[in-house]
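Let's take a walk through a protein together. Have a look at the sequence and the 3D view, and then read on.

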Amino acid sequence: MALFAAARRAAASSVPILLRASASSGSHRSAALLRPLAAAVARPKPRAMPFSSAPATRPSSDAELLSVIDSEIKYAEDCDDHDRVEEIPDNFPFKISDEKGTNVVTLKRTYQGEQIEVVAHMPSLVTGDEPDHDRDGEDEGEDKEGDDDAEDEGQKPEQSSVPLTVTITKGDGPVLEFACTAYPDEVLIDALSVTQPSGDDEHDMIVYEGPDFNDLDENLQRAFHKYLELRGISPMTTNFLHEYMINKDSREYLLWLRKLKDYFKQ
């Protein structure tokens, strides 16, 4: 700012001199030409802005997030079985289709003219870790009593599970679909429906799909469990599938982290 003020003072002091010089020579035209020159000298010059071709600095929040993602990737690489290759049992009846980046695995086989397809979704994992809660002794006593009652009723502790959708078709005929939950050593049927595809989406949405499976006669429930077991939905299959899906979950999580890293590195 001091430089600009000095320039203005110098220009202001030079204007009368220039005008007097022009007046003494009698050249009014020359004086008119000198006025813009004096004004230009008095006008402050704009401050030069630095210019750089280097890219803009990455926001600090992105850099911090990228650091955390790097740490999580390293942890996942060191701790998870992301690179484990599952050994398929010799008598495994299904062909496995596992596409990277998806949250399902598809199993297919043919059995006595039937087309059987099993879609396994990502597992629901139970680690066994219990959250910490600040409770008084009375609440803890009530919880303990409730746990004892649950054990007395024969309830099993929570286990990791894999949701399954089993579809069985015979040519162009009706479609039999089971919604199941596969635990390490057993398969539960949650729902059963039989439909005839009509090509009318609105009609298919309102088709009656049968009663709740647990409301069926126990003999009928057991018969359907046996029906699935004969078609390969057995504890051997689901035990392998359980481990396979847990490892897939680890692989997909690591892949997801790497995609995040690539995004924030841009």
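Below we follow some strands and then step into the core.

Keep in mind that this is a predicted model. Together S2 and S3 form a hairpin, with 2 residues between them. Look at Gln112 in that turn: its phi is positive, at about 50 degrees. Across this pairing, Lys108 stands opposite Glu117 in S3.

Strand S3 also pairs with S4: 6 bridges join the two, and again they run antiparallel. Here you can find Val118 standing opposite Val166 in S4.

Beyond residues up to four places away in sequence, Thr167 touches Gln115, Ile116, Glu117, Val175, Leu176 and Glu177.

Now for the inside. The largest nonpolar core has 28 residues, and Val118, Leu164, Val166, Phe178, Cys180 and Leu228 are those with the most contacts inside it. Strands S2, S3, S4, S5 and S6 each supply at least two residues of this core, and so do helices H6 and H7. A second, separate core has 7 residues, including Leu66, Ala76, Leu254 and Phe264.

To finish, zoom in on Cys180. Leaving aside neighbours within four places in sequence, Cys180 is in contact with Val162, Pro163, Leu164, Val166, Val187, Leu188, Ile189, Asp190 and Leu228.

Terms used
Residues numbered from 1 in each chain as written. Predicted model: local features only at pLDDT ≥ 70, side-chain atom pairs only at ≥ 80, totals over all residues. Heavy atoms only, no water. Core = buried A, V, L, I, M, F, W, Y, C linked by side-chain atoms within 4.5 Å. Buried < 20%, exposed > 50% of the residue type's maximum accessible area, 1.4 Å probe, protein only. Helix = DSSP H or I, 4+ residues; strand = E, 2+ residues; numbered from the N terminus. Contact = heavy atoms within 4.5 Å. Pairing = 2+ DSSP bridges.
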